[in-house]
Amino acid sequence: MTCPFEKLYPSALNRDADYFMTHAYNQAIEAWKKDEVPIGAVIEHEGRIIAAAHNQSRSANDPTAHAEILAISQAANTLGDWRLNECTLYVTKEPCPMCSGALVIARIGKVYYGLPDPKMGCVGGATDLGALPESNHKFESTGGVLEELNHEILKAFFEKKRLEKKNTNPESII
């Protein structure tokens, strides 16, 4: 599937939140190309990316194949440990309840996300699973990293999907 968005190539001279979020954004472009909801994630450990993934729920026929879940699995395999305390997740959209729960269980150290989700986001949007008072693990989270860029790709994807649905729906011809 043709994607109207171009991959970005960040400079490795400044490995800040924008740098890692750009890599997550490039994963979102890969998701678009596979007709998946364009959400991408990377996990950083000691200044290097150890996991990179994008949504694959449709192609894998698996509702749990979200970018965050896939990246957590990759990172755990890379480190040989399910505890990701020293890792940081960068994801293009605020994690849903399932992914936020996985972040708590994996003991992720920090989360940066692009687009907030006030309806289903669970690292500060609808609720904050990382701040539950009785939880055995809490993580820091920061939203709004490259927010506009991440908003544009999601908005364009769903506009395209609505147009495709309208054009294939026989009732829309009448």
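Colleague: What is the volume of the largest pocket?
Modeller: Keep in mind that this is a predicted model, where local features need pLDDT of at least 70 and side-chain atom pairs count only at pLDDT 80 or more, while totals for chains, interfaces and linings use all residues. A pocket is an open set of points on a 1 Å grid over the protein atoms alone, where a 1.4 Å probe fits and protein lies on both sides within 12 Å along at least five of seven lines. Points are joined across faces, edges and corners, and the volume is the space filled by probe spheres set on them. For the largest pocket that gives about 290 Å³.

Colleague: Which residues are closest to the centre of that largest pocket?
Modeller: Residues are numbered from 1 along each chain as its sequence is written, and side-chain values use heavy atoms, with hydrogens and water left out. A residue counts as lining if it has an atom within 4 Å of a point. There are 16 lining residues here, and the closest to the centre are V37, I39, N55, H66 and K93.

Colleague: How many residues of strand β3 (residues 87-93) are buried?
Modeller: Buried means under 20% relative accessible area, exposed is over 50%, and partly exposed is in between (1.4 Å probe, protein chains only). Strand β3 is largely enclosed by the rest of the structure, because the buried count out of its 7 residues is 6.

Colleague: Which strand runs parallel to β3?
Modeller: Strands pair if DSSP finds at least two bridges between them. Strand β1 (residues 40-45) pairs with β3 over 5 bridges, but in the antiparallel sense, with V42 partnered by Y90. The parallel neighbour is also joined to β3 by 5 bridges, and that's strand β4 (residues 110-115).

Colleague: What is the handedness of the crossover from β3 to β4?
Modeller: Picture the strands pointing away from you: if the path from the first strand over the helix to the second runs clockwise, the crossover is right-handed. Here the chain goes from β3 through helix α4 (residues 97-105) to β4, and this β-α-β crossover is right-handed.

Colleague: How many aromatic pairs turn up in the whole structure?
Modeller: Rings of Phe, Tyr and Trp (its six-membered ring) pair if their centres lie within 6.5 Å, and planes under 30 degrees apart count as stacked, over 60 as edge-to-face and the rest as tilted. Searching the whole structure gives a count of 6.

Colleague: How do the rings of F5 and W32 meet?
Modeller: F5 sits in the segment before α1 (17-33) and W32 in helix α1, so their pair ties together parts 27 residues apart in sequence. The ring centres are 5.8 Å apart and the planes are at 65°, so the pair is edge-to-face.

Colleague: Is N61 buried or exposed?
Modeller: N61 is found in the loop between α2 and α3 (67-79). N61 has a positive phi of about 50° although it isn't a glycine. Most residues other than glycine have a negative phi. With 70% relative accessibility, N61 counts as exposed.

Methods:
Helix = DSSP H or I, 4+ residues; strand = E, 2+ residues; numbered from the N terminus.
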